[in-house]
Amino acid sequence: MESVDESLYKYKGLYFITDLSSPENLDSLDSFEIRDDDIFIITYPKSGTIWTQNIVSLILYEGHRDGTENISLIDRAPWLEYNIFHVDLPSRPSPRVICSHLPYYLVPKGLQNRRAKIIYVLRNPKDVLVSNYHFHKLSVKIETPKDFDIFFEKFLAGKVFCSSWLDHVEGWCTHKDDFNILFLSYEEMKKDLRSSVLKICDFLGRELNGKEVDDVVHKATFDNMKVDSRANYTFLPPDILDFSKGNFLRKGTIGDWKNLMTVAQSERFDRVFKERVEKLPFKFCWDMQEDPDPIFSSVREN
């Protein structure tokens with residue numbers, strides 16, 4: 001086990017938050033029993049995890065959709081490796097919805113039977129970087145960056161929580177055939193939320209009528225999630241998130257990186273990322289030469 005600072009340690013190639021997980025717990029996840037109807041939401045941090053949690057919860061649970069059940073998202077869709085509320089996952093009724101930031105090689109082996117479903121959401125890494133920077137200032141468990149320039153370099157080097165964005169996305173894309181997986185992009189969800197909701201419904205085998213789909217789309221908008229105490233994580237204790245320093249759900253926009261990243265940083269970012277992205281088994285709608293604002297409008301096979 002390698003430590004990068006007091007808040008992070010490295011386990012099997014990935015940086016984890018020291019106070020929220022342990023190597024012993026991570027070792028046990030390899031044999032975590034997977035059910036055929038399990039639904040996993042997997043992301044690199046700050047890529048739309050809570051948004052997807054909420055959409056899936058609205059699709060699956062009528063009580064969540066009509067507001068008759070006041071159950072938080074972290075209870076609807078608890079975390080696998082960061083089970084801070086000690087949810088008894090093995091005894092949860094089916095279908096279980098479970099969230100994770102794990103790379104493909106650290107998820108339970110049972111996921112490779114291709115029966116349980118995985119929804120993997122990715123986001124423009126420039127926006128991921130900026131969102132992560134603001135989250136680090138809010139999080140009590142992670143070291144607060146001294147300034148954006150330092151955090152920028154750490155992110156490019158993969159010396160942050162969950163390590164390299166490139167490694168995470170590349171790993172899941174390259175090994176997509178080992179899993180039953182639906183890829184979505186944050187950007188396509190922003191562009192056409194209804195289509196994304198229908199795509200998730202189809203993947204999960206859930207049929208909703210027109211009104212139910214409308215309700216899901218309405219309640220899954222960023223503005224509605226931000227005021228929904230079940231969805232905005234305001235229930236987390238102050239020793240995990242310090243809400244005096246900001247909101248967990250901050251902006252939910254595309255292209256916020258332009259407000260913080262310099263032109264030189266953007267160009268350096270493109271040079272570092274372009275070569276790796278072009279080698280992925282997917283074709284991303286991210287033309288860095290022609291479009292100064294890269295957008296993942298879709299993820300599709302070459």
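Two strands count as paired if DSSP finds at least two bridges between them. I am working with a predicted model, and I began with its sheet.

**Entry 1: the sheet**

I looked up strand 4, residues 39-43, and found that 4 bridges join it to strand 5, the two running parallel. To see one place in that pairing, I picked phenylalanine 40, which stands opposite isoleucine 98 in strand 5.

I then went to the partner named for strand 4 in another pairing, strand 6. Strand 4 and strand 6 pair in the parallel sense over 5 bridges. Here isoleucine 41 stands opposite isoleucine 119 in strand 6.

Strand 6 also pairs with strand 7, over 6 bridges and again in the parallel sense. I noted lysine 117, which stands opposite asparagine 180 in strand 7.

In what order do the strands lie in the sheet? I wrote down 5-4-6-7, an open sheet of 4 strands with parallel pairing. Strand 5 (97-100) and strand 7 (180-185) each have a single partner strand, so they stand at the edges and one side of each has no neighbour in the sheet. On average, neighbouring strands of this sheet are turned by 20° against each other, direction ignored.

**Entry 2: what lies on the sheet**

I checked how covered strand 6 is and found 5 of its 6 residues buried.

Which helix lies across strand 4, strand 6 and strand 7? I found helix 7, residues 165-174, which runs at about 140° to strand 6 (117-122). Helix 9, residues 193-204, packs on the sheet as well and touches strand 4, strand 6 and strand 7. The direction of helix 9 makes about 175° with that of strand 7.

**Entry 3: helix 12 and its contacts**

I looked at helix 7 against helix 12, residues 263-278. Their axes come within 11 Å and cross at roughly 10°. Angles under 35 degrees count as roughly parallel, so helix 7 and helix 12 are roughly parallel to each other. On the helix 7 side the contact is made by Trp165, Leu166, Asp167 and Glu170, and on the helix 12 side by Val272, Phe273, Arg276 and Val277. I sorted these residues by class and got 5 nonpolar, no polar and 3 charged.

The axes of helix 6 and helix 12 come within 11 Å and cross at roughly 10°, which makes helix 6 roughly parallel to helix 12. Helix 6 brings Phe148, Asp149, Phe152, Glu153, Phe155 and Leu156 to the contact, and helix 12 brings Gln265, Arg268, Phe269, Val272 and Phe273. The classes for the contact of helix 6 with helix 12 are 7 nonpolar, 1 polar and 3 charged.

Val272 and Phe273 of helix 12 are listed in the contact with helix 7 and also in the contact with helix 6.

**Entry 4: the backbone in the loops**

I went through some loop residues for backbone angles. The peptide bond from serine 94 to proline 95 is cis, with omega near -5°. Proline 95 lies in the loop between helix 4 (73-76) and strand 5.

Lysine 12 is not a glycine, yet has a positive phi of about 50°. I found lysine 12 in the loop between strand 2 (8-11) and strand 3 (14-17). Its relative accessibility is 53%, so lysine 12 counts as exposed.

Arginine 114 also has a positive phi, near 65°, in a residue other than glycine. It is in the loop between strand 5 and strand 6. Arginine 114 has 43% relative accessibility and therefore counts as partly exposed.

**Entry 5: cysteines**

How many disulfides does the structure hold? I found 0. A disulfide is a covalent bond between the sulfur atoms of two cysteines. I looked up two cysteines for their accessibility. Cysteine 173 is buried, at a relative accessible area of 0%, and cysteine 201 counts as buried at 3%.

Definitions and conventions. Residues numbered from 1 in each chain as written. Predicted model: local features only at pLDDT ≥ 70, side-chain atom pairs only at ≥ 80, totals over all residues. Heavy atoms only, no water. Disulfide = S-S within 2.5 Å. Buried < 20%, exposed > 50% of the residue type's maximum accessible area, 1.4 Å probe, protein only. Axes fitted to C-alpha atoms, helices over the stretch in contact; angles between N-to-C directions. Contact = heavy atoms within 4.5 Å. Parallel < 35°, antiparallel > 145°, perpendicular 65-115°, else oblique. Nonpolar A, V, L, I, M, F, W, Y, C, P; charged D, E, K, R; others polar.
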